[in-house]
Amino acid sequence: GQQVMQIPQYQHVQEGEDFTTYCNSSTTLSNIQWYKQRPGGHPVFLIQLVKSGEVKKQKRLTFQFGEAKKNSSLHITATQTTDVGTYFCAGEVTGANSKLTFGKGITLSVRP
Amino acid sequence: NAGVMQNPRHLVRRRGQEARLRCSPMKGHSHVYWYRQLPEEGLKFMVYLQKENIIDESGMPKERFSAEFPKEGPSILRIQQVVRGDSAAYFCASSPTSGNTIYFGEGSWLTVV
């Protein structure tokens with residue numbers, strides 16, 4: 001079955017450092033979505049990427065969809081303590097009844 | 001516009017009891033998804049429903065688990081004869097149509113003692 005992989009599961013950065021994480025799918029995706037979950041909270045939708053090579057920015061966050069639509073990246077510039085949480089990518093395969101397959105997520109901690 | 005509503009938020013059950021988790025999708029959303037999250041793990045798809053229909057239940061355990069989304073009322077995830085391994089956060093999500101972004105509820109935390 002389809003797999004969505006996020007490695008590593010944990011990353012620790014110093015406040016102010018940049019942070020990049022990647023998401024890889026075993027199959028070509030129709031779109032990819034990113035969610036953020038704060039400790040004890042629920043996943044909150046951040047962004048959806050649909051087109052090959054698409055890049056979207058949200059303030060300090062930059063999301064990119066790979067040319068082959070099998071991978072994606074999230075880059076955070078100058079991390080802040082408010083960036084703490086788990087970032088999940090989720091891929092949707094065309095024709096798969098719109099079922100999103102989530103990666104295991106990467107938990108980001110930021111040292112002040 | 002209320003978001004996805006789940007209740008109860010926290011539920012404690014003894015082994016062998018039944019757990020019922022409810023989810024009311026966002027207004028205008030007719031697609032409901034249930035995900036399970038174990039501690040320090042990702043979100044595992046369980047089931048996808050539209051009104052009165054199960055579209056995809058490939059993530060549901062074959063026994064003890066069932067889900068429904070009736071014409072009237074919330075979607076219900078039912079776990080019979082709970083075991084300790086069922087302890088997890090169960091998230092419901094909804095979307096207006098297929099292929100859209102899904103929006104999560106705040107989750108129901110089930111603890112089996």
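1. Are A:C23 and A:C89 buried or exposed? Both A:C23 and A:C89 are buried, where buried means under 20% relative accessible area, exposed means over 50% and partly exposed lies in between, with a 1.4 Å probe and protein chains only.

2. A word on the basis of these values: this is a predicted model, in which local features need pLDDT of at least 70 and side-chain atom pairs count only at pLDDT 80 or more, while totals for chains, interfaces and linings use all residues. Residues are numbered from 1 along each chain as its sequence is written, chains are lettered from A and ligands numbered from 1 in the order in which they are written, and side-chain values use heavy atoms, with hydrogens and water left out.

3. Over all chains, a search of the whole structure finds 2 disulfides, a disulfide being a pair of cysteine sulfur atoms within 2.5 Å. In chain A, the sulfur atoms of A:C23 and A:C89 are 1.9 Å apart, and the link is right-handed, with 80° about the S-S bond. A:C23 belongs to strand β3 (residues 19-25) of chain A and A:C89 to strand β9 (residues 85-92) of chain A, so this pair ties together parts that are 66 residues apart in sequence; strands here are DSSP runs (E, at least two residues), numbered from the N terminus.

4. In chain B, B:C23 is joined to B:C92 by a disulfide with an S to S distance of 1.8 Å. Its torsion about the S-S bond is about -60°, so this disulfide is left-handed. Because B:C23 lies in strand β3 of chain B and B:C92 in strand β9 of chain B, the pair ties together parts that are 69 residues apart in sequence, and both cysteines are buried.

5. Between the chains, 20 residues of chain A are in contact (heavy atoms within 4.5 Å) with 22 residues of chain B. The count of salt bridges between chain A and chain B is 0, a salt bridge being a side-chain nitrogen of Lys or Arg within 4 Å of a carboxyl oxygen of Asp or Glu. On the side of chain A that touches chain B, β4(A) gives the most, with 3 residues.

How values were computed: Helices (H or I, at least four residues) and strands (E, at least two) are DSSP runs, numbered from the N terminus.
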